Amino acid sequence: MPALMFFSAPGETLVHGQPSLVREGQTAQVARLLGDRLNVSPVALQPQVAYPVSYPVVLRRAKVELTNQALPALQPLDAATLQAPVWFLGYPIWFGHVPRVIATLLTQTAPSPRVIYPFATHEGSGLGQSVADLQRLCPRAMVRPGLPIRGSRVARAAPAVDHWLQPYFDQHVTQLKES
């Protein structure tokens, strides 16, 4: 069974280029949709020091963390989640990269996944440099093609999610037939 983990900062986020207060982050919404498709409960990655609600303040913190290559401490995760050989891993794109919370997960947890399926929300940058970040942070893992979802289009993401998942389901069915 795969693990489905995501980081999504609650509070203000960009919607059509403007900061808007949201109850559920855009990446969390995609994770919920993926969880329904995979029949897996999404696990939220929670930093020990929560990100602020204000979008400009979040950006300032994220920029400092990126510049300093910080590794923000995470709340503990269930060992069974971390031991899954396949991780569906979601995050927003911040300054073209994965949030440093993801770097913490990939550098400070063991064992590392064998396969990563990345999905990201953005407002125009696509996956940015995040796939290269994942490959650098977790060099032993096979990083599969990622799914970029424009944050302002999350409510209409189901067809893109289904299309992106099809190779995973095809491979899973083939493995079941071979066993």
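Guide: Buried means under 20% relative accessible area, exposed over 50%, and partly exposed in between (1.4 Å probe, protein chains only). This is a predicted model, where local features need pLDDT of at least 70, side-chain atom pairs count only at pLDDT 80 or more, and totals for chains, interfaces and linings use all residues. Residues are numbered from 1 along each chain as its sequence is written, and side-chain values use heavy atoms, with hydrogens and water left out.

Visitor: How many salt bridges does the structure hold?

Guide: Side chains of opposite charge can pair when their charged atoms come close. A salt bridge is counted where a side-chain nitrogen of Lys or Arg lies within 4 Å of a carboxyl oxygen of Asp or Glu. The number of salt bridges in the structure is four.

Visitor: With which residue does Glu 24 form a salt bridge?

Guide: Glu 24 is partly exposed, at a relative accessible area of 28%. The closest N and O atoms are 2.6 Å apart, and the partner is Arg 32.

Visitor: Are Glu 65 and Arg 61 buried or exposed?

Guide: The two residues form a salt bridge, their closest N and O atoms being 2.9 Å apart. Because they are four residues apart in helix α2 (residues 55–67), about one helical turn separates them; helices are DSSP runs (H or I, at least four residues), numbered from the N terminus. Both Glu 65 and Arg 61 are buried.

Visitor: What is the relative accessible area of Asp 133?

Guide: Asp 133 forms a salt bridge with Arg 136, with 3.3 Å between the closest N and O atoms. Three residues apart in helix α5 (residues 130–137), they are separated by about one helical turn. Asp 133 is buried, and its relative accessible area is 4%.

Technical notes:
Helix = DSSP H or I, 4+ residues; strand = E, 2+ residues; numbered from the N terminus.
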